[in-house]
Every structure is written in structure tokens, then in C-alpha cells.
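Please open the model in your viewer and keep the selection tool at hand. The tour goes from one selection to the next and says what is there at each stop.

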Amino acid sequence: MGFFKKLDEAMRYDPGNRGLLANAPANPLDRLQEALQEITGVVILTGFPVRLGLHNFTGETDGPLGAANLAYAFESIGVPVWLLTDEEAYWVVNAAVTRRGCKCRPLMLPRYEADEFIAAQLDAIHPSHVLTIERPGKARDGHYHNMRGGIIDAMFVDASSIIEAARERGITTISIGDGGNEIGMGALAETIEQYVPHGEAICAREVADIALISGVSNWWGWGVSALLSRMYGINQLPSDDMERGMLHEMVLAGSVDGCTKKPEETVDNLPMEVHLGVLSNVRSAMQEK
């Protein structure tokens with residue numbers, strides 16, 4: 001079947017049947033591989049909020065797991081990593097990268113003047129790439145939306161400017177999502193607006209250079225790791241026990257499933273066995289030519 005085709009097939013498993021994957025083009029793995037060959041430093045932004053009460057929010061389990069695997073993979077080939085998130089997801093992201101054995105620790109986005117903070121960080125560290133994974137994107141109406149179309153602006157820090165700030169500095173942008181309301185998914189606007197429920201309202205307006213989609217955003221942590229593993233001849237994929245351990249530590253740190261809003265060791269209301277089945281398929285894809 002071939003590595004690219006089998007990896008894309010693994011990423012496109014769609015247990016949630018949201019409408020995006022069934023109608024979107026294949027993930028641009030050739031362009032992604034080319035971009036990864038040029039990476040010298042990467043900023044990773046993640047953290048999608050979940051409301052637990054009137055003024056109580058936390059980070060969901062989708063996003064930090066993938067970010068931790070991405071950070072580990074990049075660090076293992078000597079690429080510096082800077083992680084960005086906000087207060088709501090800070091300890092969840094920290095738990096994931098700590099358990100994964102990453103050197104980096106998250107930087108907390110300020111509640112106010114986040115645009116200035118992001119620009120200053122990019123100017124100070126000069127990354128070659130910015131990668132966003134499961135981070136809300138701003139829609140055409142200027143608001144952030146959940147999958148039901150509800151406005152969630154007050155739940156987290158406004159950081160959508162990172163795509164334009166990166167573009168102004170010649171930094172390559174890669175965005176990962178699974179529903180169309182994530183930063184960078186404007187690259188797939190036509191598909192999102194036509195086939196995803198509430199698509200016209202929720203579709204993110206930011207356009208990443210490379211937009212990657214999967215049934216669950218976390219899975220691209222494995223997808224990128226698989227690409228880097230083949231490029232550098234080292235296995236960067238986590239073990240099943242490592243994946244379980246990261247999720248366990250995240251829940252202890254306060255994370256909840258974004259669909260059920262419960263502190264349980266699931267992601268998008270899918271048990272770990274489903275996710276590990278996808279990881280097994282990624283391992284199988286790596287055996288292809």
C-alpha cells in the first residue's frame with residue numbers, strides 16, 4: 001500500500017463521524033515531510049478548554065498527549081521545542097511532557113496582551129516552525145466556537161494571532177485538528193463549511209501552511225513521530241504503557257474528556273483501547289516502503 005497511504009489511512013479513522021474526514025482530501029504527507037526536513041526549532045501551541053462550572057475551566061485530554069509526543073520526537077533529533085498553553089491547560093500539558101520524558105516545559109500565555117507576548121517570543125527564539133494541535137481557532141465572526149456553535153471566548157486566552165505572526169516572520173505553520181474549529185483549519189474551509197455540522201459558524205479563519213486532520217487530534221503526535229522515525233532511522237513512537245501513563249498523569253493533573261467533561265482516562269469519549277488500535281496501525285504503516 002505504501003507508507004504515506006497507510007499512515008494517512010490510520011489518521012483518517014473516524015469513529016466520531018464528524019463529516020470532515022469523509023470529505024477532505026488526503027493529508028499532504030509529502031509536503032509535511034519536506035517541511036520536517038527543514039525544521040531547526042519549533043513552537044507548539046495546544047490546550048482546548050472544557051467548562052466545569054460557571055468560572056471553572058480545564059484543559060481536555062485531546063491535544064496535550066499529542067503535543068507531548070511531538071515534543072519528544074523533535075527533541076530526540078536535537079530540535080529545540082517551546083511549548084505554549086494557557087492557565088487552564090498548563091498543569092495538564094506539564095503532566096504529559098513530564099511523563100513522556102521531554103526536556104521542555106510549557107510557557108503560560110498571559111491573560112492579557114497575548115498577541116504581544118507571542119510576537120516577542122517568536123522574535124526572541126527564532127523558530128523555523130510553529131505547530132498548533134487541538135487549539136481553538138477564531139471564526140469569521142471574530143469569536144471562538146465549540147463544535148455545537150457555542151461561543152467560548154471567555155474560557156481561554158486568545159492566541160489565534162500566532163499563525164499571522166509566524167507568517168510575517170517567514171515561519172512555517174503546521175496545524176492539527178479533528179473538527180474544523182481549530183487554529184489553522186481555514187485551509188480546509190470549503191470542506192468544513194459544506195460538510196461539518198455548524199461548519200459555516202465554527203470554521204477557523206486562520207490558514208496554516210500545512211493543515212493535518214485525523215479522527216482525534218492527538219493521533220498526529222504519532223503520525224509526525226512515524227515520519228521522523230523513518231527519516232532519522234530511530235523509533236520515536238511511544239509504548240502502549242507510556243501512552244496510558246501520560247493520560248493517567250493528565251487526569252490526575254485535572255484534565256477531563258472533552259466530550260463527557262468527566263475526569264476519566266478517555267479521549268473524545270473513546271476508551272484507550274481504541275486509541276492504541278490506531279497506534280498499532282501507525283506502527284504497521286512504518287513497515288511499509
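Two residues are said to be in contact here when heavy atoms of theirs lie within 4.5 Å. The model is a predicted one, in which local features need pLDDT of at least 70 and side-chain atom pairs count only at pLDDT 80 or more, while totals for chains, interfaces and linings use all residues. Residues are numbered from 1 along each chain as its sequence is written, and side-chain values use heavy atoms, with hydrogens and water left out.

**The cores**

Select Leu131 to begin, and then show what surrounds this residue: apart from its neighbours within four places in sequence, Leu131 is in contact with Val42, Val43, Ile44, Leu45, Leu70, Phe74, Ile174 and Ile176. Leu131 also belongs to the largest nonpolar core, which has 58 residues, and is listed with Leu32, Ile44 and Phe74 among those with the most contacts inside that core. A nonpolar core is a set of buried Ala, Val, Leu, Ile, Met, Phe, Trp, Tyr and Cys residues joined through side-chain atoms within 4.5 Å, where buried means under 20% relative accessible area, exposed means over 50%, and partly exposed lies in between (1.4 Å probe, protein chains only). For a second, separate core of 16 residues, select Leu84, Ile163, Ala165 and Ile183, which are included in it.

**Strand β1**

Next, select residues 42–46, which make up strand β1; helices (H or I, at least four residues) and strands (E, at least two) are DSSP runs, numbered from the N terminus. How many of the five residues of β1 are buried? Five of the five are, so the strand is largely enclosed by the rest of the structure. In a regular strand the side chains alternate between the two faces of the sheet. In β1 both faces are covered, with Val42, Ile44 and Thr46 buried on one side and Val43 and Leu45 buried on the other.

Strand β4 (residues 81–85) pairs with β1 in the parallel sense over four bridges, and Trp82 in β4 is the bridge partner of Val43. Strand β6 (residues 129–133) also runs parallel to β1 and is joined to it by five bridges, with His129 standing opposite Val42.

**Aromatic rings**

The structure holds four aromatic pairs, meaning rings of Phe, Tyr and Trp (its six-membered ring) whose centres lie within 6.5 Å, with planes under 30 degrees apart counted as stacked, over 60 as edge-to-face and the rest as tilted. Then select Tyr13 and Trp219, a stacked pair with 6.1 Å between the centres and 10° between the planes. Tyr13 lies in the loop between α1 (3–11) and α2 (29–37) and Trp219 lies in helix α9 (residues 219–232), so this pair ties together parts that are 206 residues apart in sequence.

Technical notes. Two strands pair if DSSP finds at least two bridges between them.
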